[in-house]
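Please look over the sequence and structure shown here before reading the notes that follow. They are grouped by topic for someone meeting this structure for the first time.

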Amino acid sequence: DNSTGPPPFDLMDLTQSEDMKPEKDKLLGTSPLQTYFHMSMSLTITGEMHGWHNLFHFTEDGGNIGPKRRIPAVWFHQGSRMHFRMSTQTSHNDGCDPGPPLPMNKKIEVDLLMVDGPSLIVKLDGKPVCYRIPAGSPIEGSQAAQVFASDVWHQPANVIIHNWTYSGVEELTFDEPLLPLPTVIQRYGFMGLVDTFENYHLQFEITPMGIYPHWSNIVHFTRLGNYGNYFRMPAIWFHPGSLKLHVRSGDLQQHNSGCDPWMQLKIGQKYKIEVMRKDRQIMVQIDDKTYCKANRGPPYPQMKRVQMWVGDPWHGAALAKISKIKYKEYDAEDAKGDVVKYIPKKAFKGLGVRRWTNGKRDTFEFKFVCGDGRQTGYTRSWHPGGGRSKMVNSFDLDCPGNGRIQGIQRRRWSNHRRDIYDYRLHCDTGSSPWVNDKHDYGGTYHSQLNTKCPGGAYVTKMEFRRYSDHRRDTYDIIMWCHNGRVVGQHDWKPRNSLHERDSQQC
């Protein structure tokens, strides 16, 4: 008989040091509840449960179904499957159910969380097994909720409860590094709540253990979800089928802004990763060297109680171990480090040209020296006059200082019967000297092509298109840049159309 009212007690001080077995209609008392909470306990299931068996039930007015009557409540059904319910303002039966049944006669650590966002999370033995964004706003903390273990409407669960605790959701301070020892990244890896900085410095160590075929998450700071405003502040993944980092740091102009370092990590090797944001600039360092720096939009303002995940709920977990996570306000002293520029091995570093003539017309062949030292060999351009044609000139162009080609410049000389060409290279180390072909037939300077990859990109493929009217030839230059762009320059074309095309690629 509860007519005299249940006794008051404070769940914040609840520690069931003694084992407890739920009993039907057992009212532990009344207590104020928090809007967001972390409930933890150990459970030992002592027998199968057919039908609905209640473990505990928090209800504001003593009822079972309706608003504020499952804040929260847990049942078992179908043997030993857990059913976790948490009412919201619009859904009195929202919740998050871990899939597999719990094992019999074995102690299981259970964590139930309602965190800012809101989000519902269930962990079993420290492993996250369920995540859900509930429908509607959370129930504001109750001042006098009744706590049953178990309730009057269901059979009690065949369970022994050990070490039942209730507290607020942990706020991370980073006074000491998070995860001091290498820890395998897991999906649903909720770490706690973080107060973010407008200008920040995130640092951690990571050792890749394998390659995941899809996007795989490492770290994710978010106000609630995966993609949208205030949802990537920052967030870091591996690209699908790769160990290349995908670093996003949303801002007030674009929620998916970021800066991806070009370096590919290696399996089994430990790296120190740092992501820094200072106003509009994002910088990513690997082992104290800067592999990406970019200017983006204005940063998000400082925010309170942002979710931090190591392995988020929306992607597979990166196949890696992570440790020594630090997060703090940006300090200019931390941003020191040499900038390492991306130079693909497939980029050209030198150009070879051979000129053939039959006394009336000239054609050209080309070869390239690749960034790893390989040579492509000459293209087989058509030689005019059959056996009467001969090679009259051959010359090589090299980037100064072992640089890589970013563009090519060509000058055309003509006496209106024959054309010959001069070449020089645009490189990341400067321009090569002009290689001047032989101008001994009264020709004059006629035109110039100057083709260059934008944004400092390197050339990885080049195509020469030859146009001919069977009296004279002209050539166009088309280049593929390592950032995927294609650029081209078009010279004067004689009456007839494209006659031949040659391309070279390292």
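**Briefing**

Lys270 counts as exposed because its relative accessibility is 51%, where exposed means over 50% relative accessible area, buried under 20% and partly exposed in between, using a 1.4 Å probe and protein chains only. This is a predicted model, in which local features need pLDDT of at least 70 and side-chain atom pairs count only at pLDDT 80 or more, while totals for chains, interfaces and linings use all residues. Residues are numbered from 1 along each chain as its sequence is written, and side-chain values use heavy atoms, with hydrogens and water left out.

**Salt bridges**

- The structure holds 18 salt bridges, each being a side-chain nitrogen of Lys or Arg within 4 Å of a carboxyl oxygen of Asp or Glu.
- Lys270 forms one of them with Glu205, and the closest N and O atoms of this pair are 3.7 Å apart.
- This pair links distant parts of the chain, since Glu205 sits in strand 14 (residues 200–208) and Lys270 in the loop between strand 17 and strand 18 (271–278), 65 residues apart; strands (E, at least two residues) and helices (H or I, at least four) are DSSP runs numbered from the N terminus.
- Glu205 is buried, because its relative accessible area is 17%.
- Arg354 and Glu365 meet through their side chains in a salt bridge of 2.8 Å, N to O.
- That pair also links distant parts of the chain, with Arg354 in strand 24 (residues 348–357) and Glu365 in strand 25 (residues 362–370), eleven residues apart.
- Arg354 counts as buried at 18% relative accessibility, and Glu365 is buried with a relative accessible area of 0%.
- Between the side chains of Arg465 and Glu463 there is a salt bridge of 3.0 Å, N to O; Arg465 is partly exposed at 22% relative accessible area, whereas Glu463 counts as buried at 7%.

- Strand 16 (residues 235–238) and strand 17 run antiparallel and are joined by four bridges, where two strands pair if DSSP finds at least two bridges between them.
- Ile236 stands opposite Val247 in strand 17.
- From strand 17 (residues 245–248), Leu245 and Val247 point one way while His246 and Arg248 point the other way, and all are buried.
- Six residues lie between the two strands of this hairpin, in which Gly241 takes a positive phi near 60°.

**Surroundings of Arg424**

- Arg424 lies in strand 28 (residues 419–427), and it counts as partly exposed because its relative accessibility is 23%.
- Not counting residues up to four places away in sequence, Arg424 touches Leu397, Ile408, Gln409, Ser432, Pro433 and Trp434, contact meaning heavy atoms within 4.5 Å.
- The side chains of Arg424 and Gln409 are joined by a polar contact of 2.8 Å, a term for a pair of N or O atoms within 3.5 Å in which, within protein, one must be able to donate a hydrogen and the other to accept it, and residues adjacent in sequence count only if both atoms are side-chain atoms.
- The C-alpha atoms of Arg424 and Gly407 are separated by 9.0 Å, and these residues are 17 apart along the chain.
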